Amino acid sequence: MMVAAFEGWNDAGEAASNAVKHLAEAYAGGGRVFAALDGEDYYDYQVHRPVMAAMDDVRQVIWPTTRFSIVRAPTRLLPGDAHEEPRDLVLVHGVEPNMRWRSFCEEILGLARDLGVGQIITLGAYLADVPHTRPTPVTGTSADEAYQALFDVEPPTYEGPVGITGVFQEACRYAGIPLMSFWAAVPHYVAHPPVPKATLALLRRLEDVLDLSVPTKRLAEEAQTWEAGVDELAENDAEVGEYVRTLEEQRDNEDAADLPEASGEAIAREFERYLRRQERRRGSEEG
């Protein structure tokens, strides 16, 4: 399984790229980086400038690129089942390239073939008119009909400008590699990174889909602190506060309109997801 996110246009509030970073740090102390693309093939360094950093007391230039790491993540098969199986995840974290997008995608897919990757998940985040006080909406799509039925995702319907994530999705489709994509909606009025609440929402969706047990206690605390800070901003700025209340009313009305359509099967599926999340969190905290 490969999980990929790219900084830039596809990554509002750096929610998606921070989700991949969190996976690397949670399972392997930063992940074992085993490959990186040659940045000179894909990046304009006047747009994405390299940075000087101190690494082990040695100053060196860190070049923008796309890096690959691998982690072994524990999975829990069933709620209440103490048996765990490891799952290898190839994590792709990079910066949206400035040129040669098709070659960029082909190079990633070449590595995926070499590693025997059979499934790919891309993560993204976009700016939206959503209130920070409500659960972060996460949209899941896949062109694969089996995935649509199994993971409760929709066929893609978006039309318009795309970033590298959209181009990579099409490359996967032509390559015959099943792919799912999950996107978090980030409130546009507080999109300055990081936005831990959106990152947490993406990770919890990954938990559901992959039966992963992701340690998220620290991130959940950061999300609460972030939300409290935005609450304070809204309280101290009458215009922002009024706008947030308008968004809350709009969101609540949309949720209420959807309630009559909820079937018993959909409710049971959502309750099962809740039980799985609770069991994983208890296991993570005990570990």
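In helix α2, the residues F104, C105, I108, L109, L111 and A112 are buried, where buried means under 20% relative accessible area, exposed over 50%, and partly exposed in between (1.4 Å probe, protein chains only). Seen down the axis of α2, these buried residues fall within an arc of 155°, so they line one face of the helix; the arc is that of the directions from the helix axis to the C-beta atoms. The face turned away from this buried side carries the exposed residues R102 and D114. Helix α2 spans residues 101-115, and its 15 residues reach 22 Å from the first C-alpha to the last, close to the 21 Å expected at 1.5 Å a residue. The expected span is 1.5 Å times one less than the number of residues. After α2 comes G116, with a positive phi near 75°.

All of this is read from a predicted model, in which local features need pLDDT of at least 70, side-chain atom pairs count only at pLDDT 80 or more, and totals for chains, interfaces and linings use all residues. Residues are numbered from 1 along each chain as its sequence is written, and side-chain values use heavy atoms, with hydrogens and water left out. Helices (H or I, at least four residues) and strands (E, at least two) are DSSP runs, numbered from the N terminus.

The 20 residues of α6 should span 28 Å, and its end C-alpha atoms are 29 Å apart, which agrees.

Helix α5 (residues 196-210) reaches 21 Å with its 15 residues, close to the expected 21 Å. Of these 15 residues, 14 are buried, so α5 is largely enclosed by the rest of the structure. D211 follows α5 and has a positive phi, near 55°.

As for confidence, the protein chain averages a pLDDT (the predictor's confidence in each residue, from 0 to 100) of 87, and 84% of the residues score at least 70. Confidence is highest in strand β1 (residues 2-7), at a mean of 97, and lowest in helix α8 (residues 264-286), at 58. Where pLDDT is low, the predicted coordinates should not be read in detail.
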